[in-house]
Amino acid sequence: MGTMFPENGGYVVWVSSALGPFWGFQQGWMKWLSGVIDNALYPVLFLDYLKSSIPAVAAGGAARSISVLALTAALTYLNYRGLTIVGGVAVFLGVFSILPFAVMGLLSIPRLEPSRWLAAPPDLRSGVDWNLYLNTLFWNLNYWDSISTLAGEVQEPKRTLPRALFFALILVVLAYFFPLLAGTGAVPLDRELWTDGYFSEVAKIIGGAWLAWWVQAAAALSNMGMFVAEMSSDSFQLLGMAERGMLPEFFARRSPYGAPLVGILFSASGVALLSWLSFQEIIAAENFLYCFGMIMEFVAFVKLRVEQPAASRPYKVPLGTTGCVLMLLPPTVLICVVLALSSLKVMVVSLAAVFFGFLLHPFLKLAERRRWATFSSSSDLPALDGAPPREHDDIANDDEEALVMAH
């Protein structure tokens, strides 16, 4: 889909093309809000990893609030400096974050006891918090579509996006399984100890204090890499919606470095307002909204395959329509399970946000008719009727590959 519509806005454009501008706007609203909520998590996780070294910033109170705001401001400035800076920072943080876990895995080999990998609670029903487990699992494995909102900044997106996602998939699988197998196989299992930031304790047991410090720093800084990548995706999504006339044209305003200035400010403001939420509340709320967005993407994917079979698709899933539907069934079932397990509080708040989006779209249309704000569509973009999109040669594809692999 990203190679079919290689422009800023990504999934908003996909859904608009298949289901119309109203649902495209709803997709943009829900996915942007989900992304902002997601980004509010990373300063929280960063401080959690520092709780053993700097207890004051990890505890509640003024010190923690000031630390969150300072982190948000510093990382927002990196996004203001443009994708070249963000891509370079993401590559550095990615390498720095992966290395200590690779070292920990190698040092753990003499201590491994494979039988620990198969250990399970005596009672799976009472021993596992399935709501937290599935929400965390879903959160860890989602947001692959976020790269689509920056496709307009990529040189040769038809080649770059599939290649970047392929290598990112390999890195993600290795980065999850290798440290987890090392930690659970080399250290006596105590589930009560496996909380946020526990990998640094595992590293201390396996390699000593020096490795614990390295893992702690890497884990903390990896959250910063996720933050800048997510903010880039969210802000360029708003820019892409403005280029399509869905938002006032001031959302398309760029910084001197090519970054979406207003989109960055809106995203940063949302992060600052939501960062007081707990880890479980954040992932549950963002997952609920993200699920609705994914369902619309699945519908758009199948509908475009049926209604626009001749449209240009530089990368095409090698399945027929029936095969594509069957391919989407397992993630759809997981989405339904995640939605069903949501708490009443999360459900009410999330549905209120969705309803607000239903009101926001007609309000913006009224603002356009009354000329309260200026709306315009970029003349460089194709009509959303299956016409082949233009080629892009704006920014080197290396920066984009770095960003997707960091995210």
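Colleague: Which residues does UniProt list for "transmembrane region" in its unreviewed entry?

Modeller: Bear in mind that what we have here is a predicted model. The unreviewed UniProt entry lists residues 57-78, 84-107, 164-182, 202-221, 257-276, 282-302, 323-341 and 347-364 under that name, and such annotations may be inferred rather than shown by experiment.

Colleague: How many Å separate the end C-alpha atoms of residues 202-221, and what is the helix content of that span?

Modeller: The end C-alpha atoms of residues 202-221 lie 18 Å apart, although the span is 95% helix and 0% strand. For residues 257-276, the end C-alpha atoms are 31 Å apart, and the chain there is 70% helix with 0% strand.

Colleague: Which residues of helix α6 are buried?

Modeller: The general idea is that an α-helix has 3.6 residues a turn, so residues three or four places apart point the same way. In α6, the buried residues are Leu83, Val86, Gly87, Ala90, Leu93, Ser97, Pro100, Phe101, Met104, Gly105 and Ser108.

Colleague: What does helix α6 reach from its first C-alpha to its last, and what span is expected?

Modeller: Helix α6 covers residues 83-108, which is 26 residues, and it reaches 37 Å from its first C-alpha to its last, close to the 38 Å expected at 1.5 Å a residue.

Colleague: How many disulfides does a search of the whole structure find, and why is there no bond between the sulfur of Cys291 and its closest cysteine sulfur?

Modeller: In general, a disulfide is a covalent bond between the sulfur atoms of two cysteines. The search of the whole structure finds zero disulfides. The closest cysteine sulfur to that of Cys291 is in Cys336, and because it is 8.4 Å away, it is too far for a bond; the cut-off for a disulfide is within 2.5 Å.

Colleague: What is the phi of Arg371, and is Arg371 buried or exposed?

Modeller: Arg371 also belongs to a loop, the one between α15 (344-369) and α16 (397-406). Its phi is near 60°, again positive in a residue other than glycine, and Arg371 is exposed, with a relative accessible area of 76%.

Definitions and conventions: Residues numbered from 1 in each chain as written. Predicted model: local features only at pLDDT ≥ 70, side-chain atom pairs only at ≥ 80, totals over all residues. Heavy atoms only, no water. Helix = DSSP H or I, 4+ residues; strand = E, 2+ residues; numbered from the N terminus. Expected span 1.5 Å × (residues − 1). Buried < 20%, exposed > 50% of the residue type's maximum accessible area, 1.4 Å probe, protein only.
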